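Please read the following report alongside the sequence and the three-dimensional model.

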Amino acid sequence: MDAAEVIARLVERGETVATAESLTAGLVCAALTDVPGSSRAVRGGLIVYATELKAELAGVDRDLLAEHGAVHPEVAAQLADGARLRCRAVWGLGLTGVAGPDPQDGVSPGTVYVGLAGPVNLVRELRLNGDRSAIRVASVRAALDLLGEHLA
């Protein structure tokens, strides 16, 4: 689902969304806010590229980060919930992963976790191929699709 469809559905439902993004560094929020009228549905976003900011800004558990690193499904779940709570939105999206070209903490490039928090809470694991840009673009698309599936 594209960003315009996601915004239209959120507005129809009277719901809002916020993001906490690591590997996409704000690209999901940028895609959403590129849609005219998006201010009726987008509350804001957190760019938590540095690991410590995941805890400081989004509220991800520091012990989880210390034990498993930043690229983990529970980190994505907590990012999504942190975005939702801190931005006072109905829905939260959280993204963490490795865009490459090198592995991070032993995790291969293309490994991405997208978290959704709100009326539905879940994490989708992605194994993406391509260069850094392709992985980031595919991650944005996957986040929009995930939210869109639950707005249908």
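Helices (H or I, at least four residues) and strands (E, at least two) are DSSP runs, numbered from the N terminus. This is a predicted model, in which local features need pLDDT of at least 70 and side-chain atom pairs count only at pLDDT 80 or more, while totals for chains, interfaces and linings use all residues. Residues are numbered from 1 along each chain as its sequence is written, and side-chain values use heavy atoms, with hydrogens and water left out.

**The nonpolar core**

A residue is called buried under 20% relative accessible area, exposed over 50%, and partly exposed in between (1.4 Å probe, protein chains only). A nonpolar core is then a set of buried Ala, Val, Leu, Ile, Met, Phe, Trp, Tyr and Cys residues joined through side-chain atoms within 4.5 Å. The largest such core in this model has 30 residues, and those with the most contacts inside it are Leu10, Val17, Val28, Leu32 and Leu147. At least two residues of this core come from each of α1 (3-13), α2 (27-33), β3 (91-97), β4 (111-117) and α6 (132-149). Helix α6 gives the most to this core, with 8 residues.

Ala3 is found in helix α1, and Ala3 counts as buried because its relative accessible area is 10%. Between Ala3 and Pro119 there are 116 residues of separation in sequence, and their C-alpha atoms are 20 Å apart in space. Ala4 also belongs to helix α1, but Ala4 is partly exposed, with a relative accessible area of 39%. The C-alpha atoms of Ala4 and Leu144 are separated by 9.9 Å, although these residues are 140 residues apart along the chain.

**Backbone angles to look at**

Most residues other than glycine have a negative phi, and most peptide bonds are trans. Where does this model have a cis peptide bond? The cis bond joins Gly100 and Pro101, with an omega of about 15°, and Pro101 is found in the loop between β3 and β4.

Ala25 has a phi near 45°, which is a positive value in a residue other than glycine. Ala25 lies in the loop between β1 (17-21) and α2, and Ala25 counts as partly exposed because its relative accessibility is 29%. Arg88, with a phi near 55°, likewise has a positive value in a residue other than glycine. The loop between α5 (73-86) and β3 is the place of Arg88, and Arg88 is exposed, with a relative accessible area of 62%.

**Salt bridges**

A salt bridge is a side-chain nitrogen of Lys or Arg within 4 Å of a carboxyl oxygen of Asp or Glu. How many salt bridges does a search of the whole structure find? The search finds 4, and the table gives the nitrogen-to-oxygen distances of some of them.

| Salt bridge | N to O distance |
|---|---|
| Arg84 and Asp81 | 2.6 Å |
| Arg124 and Glu149 | 2.9 Å |
| Arg127 and Glu125 | 2.4 Å |

Arg84 and Asp81 are separated by about one helical turn, because they are 3 residues apart in helix α5. Arg84 is partly exposed, with a relative accessible area of 23%, and Asp81 is partly exposed too, at 26%.

The side chains of Arg124 and Glu149 meet in a salt bridge. This pair links distant parts of the chain, since Arg124 is in strand β5 (residues 122-127) and Glu149 is in helix α6, 25 residues apart. Arg124 is partly exposed, with a relative accessible area of 29%, and Glu149 is partly exposed, with 44%.

In the salt bridge of Arg127 and Glu125, Arg127 counts as exposed because its relative accessibility is 57%, whereas Glu125 is partly exposed, with a relative accessible area of 43%.

**A negative surface patch**

Patches are made of residues with over 30% relative accessible area and no salt bridge, where like charges are joined within 9 Å and nonpolar side chains (Val, Leu, Ile, Met, Phe, Trp, Tyr) within 5 Å. Accessible areas come from the Shrake-Rupley method with a 1.4 Å probe, and for residues only the protein chains shown count as cover. Lys and Arg count as positive and Asp and Glu as negative, while His and the chain ends are not counted. The place of a charge is taken as NZ of Lys, CZ of Arg, CG of Asp or CD of Glu.

Asp61, Asp63, Glu67 and Glu74 form a negative surface patch. Asp61 lies in the loop between α3 (51-56) and α4 (62-68), and Asp61 counts as partly exposed because its relative accessibility is 36%.
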